[in-house]
Amino acid sequence: MPVLKRIAEMQGEMTAWRRDLHAHPEIAFEEHRTSAFVADKLREFGIEVSQGLAKTGVVGTLADGDGPSIGLRADMDALPMPELTALPYQSTVPGKMHACGHDGHTTMLLGAAKYLAESRNFKGTVRFIFQPAEELAGGGRVMVEEGLFDQFPVDSVYGMHNQPNMPTGRIAIRAGIGMASAASFKIVVHGRGSHAASPHHGIDPIFVGSQIVSALQSISSRVTNPIESIVVSVTKFHAGDAVNVLPDTAVLDGTARSFAEDSETSVAGLIRRIAEGTATAHGATADIEYRHLYPVLVNAEAQSLIAENVVRDLLGDDGLEPAFPRTMASEDFSFMLNARPGCFVGLGTAFEGRESHPLHSSKYEFNDEALPIGASFWARLVEMELAK
Ligand SMILES: [Zn+2]
Ligand SMILES: [Zn+2]
């Protein structure tokens, strides 16, 4: 695999770091051990360390001469879910797992930091940004709001995510819109409880809630322009305690995704109108909460081109994944991309000759063969963008 020689030599060391992090997963804003692990390593490499931004965030700064500054970001958090891999280094914390490969992301950025601190084949400033709470808690937003780029100025910022469905040895880049915005909503349907055998004595919130679930699907199929990609999913529906009792209330939760901020805003209004209107039609009422979580992720043209050139330089033309489809999934790196131009790249991590379980699966496994590729991408990106 064409990676930087010094980084290839670090394969064993990086694998050990990755597996250590994997065995000790920590979820949103609780990444204390991980954060200390990262800070210790950076100090060991001779890199200036700042801790405490967004609680457990870490920023390392490595400067050499006058030149531009570049931010490289890795996320550190795990997910609140059990691990079912039976790997020798599987999670030691019940109910928590690195199922999105953020242990790999953290390790690859540490590997690049070690290499760049040794080789210093660049002119300018590198900021190594280790952020907490990527999974739905918006650690990236909190870091930006707490002054990440005021305290640690950068001209551009880059992020990376592993792609277990893409061959190892390939990197995918997509200029423009790459990932959707995300919002969450909660609908509480207030009916009137009654005996299950006498529904006419009450107002059944389960029936009304079911009508709302169906009607919400009209947003993407009948109300918004089919050219716009919009997804509305009801993901929780909780009501009732007994077989022979119709409850007073039903609670529905869900998520909405789209590729345009203004269509998401119109979706918020549509969800409200449909939920309230449907409830009214059946004599019930509905309370709706709607929260914008993550903005649309947009990769800048110039930085996408730079990243593409780095991939061709490092892995050759075959290293560039020909298609990187947009996804309705979301990423809080979008908050950093809204603050500074940059690019979010996809790193192929599929296992060769065996199944690669998807992200967020309890059987997901990060492919350590990809560690030197990701770390080499970071290192070459710095060497090329901050060329001497
Ligand atoms: Zn994830
Ligand atoms: Zn992730």
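This is a predicted model: local features need pLDDT of at least 70, side-chain atom pairs count only at pLDDT 80 or more; totals for chains, interfaces and linings use all residues.
1. Basis. Local features need pLDDT of at least 70 and side-chain atom pairs count only at pLDDT 80 or more, while totals for chains, interfaces and linings use all residues. Residues are numbered from 1 along each chain as its sequence is written, and chains are lettered from A and ligands numbered from 1 in the order in which they are written.

2. Span of α9. Helix α9 covers residues 261-281, 21 residues in total. From first C-alpha to last it reaches 30 Å, close to the 30 Å expected at 1.5 Å a residue (the expected span is 1.5 Å times one less than the number of residues). Helices are DSSP runs of H or I with at least four residues, strands are runs of E with at least two, and both are numbered from the N terminus. Just after α9, Gly-283 has a positive phi of about 80°.

3. Ser-263, Glu-264, Val-267, Leu-270, Ile-271, Ile-274, Ala-275, Thr-278 and Ala-279 are buried. These residues lie on the same side of α9 because they cover an arc of only 145° around the axis, the arc being that of the directions from the helix axis to the C-beta atoms. Asp-262, Gly-269, Gly-277 and Thr-280 are exposed on the other side. Burial counts other C-beta atoms, placed from the backbone, within 10 Å of a residue's own: 20 or more is buried, 12 or fewer exposed, and in between partly exposed.

4. Packing of α9. The partners of its buried residues are β8 (181-190), α7 (205-216), α8 (218-223), β10 (230-239), β12 (249-258) and β13 (285-294). Contact means C-beta atoms, placed from the backbone, within 7 Å.

5. α2 and α12. The axes of α2 (residues 11-23) and α12 (residues 371-385) come within 10 Å and cross at roughly 105°. The two helices are therefore roughly perpendicular to each other (65 to 115 degrees). Axes are lines fitted to C-alpha atoms over the stretch in contact, with angles from 0 to 180 degrees between N-to-C directions. Gln-11, Met-14, Thr-15 and Arg-18 of α2 meet Leu-371, Pro-372 and Ala-375 of α12.

6. Glu-13. This residue of α2 is partly exposed, with 14 other C-beta atoms within 10 Å. Its C-alpha is separated by 9.7 Å from that of Thr-107, 94 residues apart along the chain.

7. Phe-335. Phe-335 lies in α11 (residues 333-339) and is buried, with 21 other C-beta atoms within 10 Å. Not counting residues up to four places away in sequence, Phe-335 touches Gly-140, Arg-141, Val-144 and Pro-295.

Terms used
Two residues are in contact if their C-beta atoms, placed from the backbone, lie within 7 Å. Angles under 35 degrees count as roughly parallel, over 145 as roughly antiparallel, 65 to 115 as roughly perpendicular and the rest as oblique.
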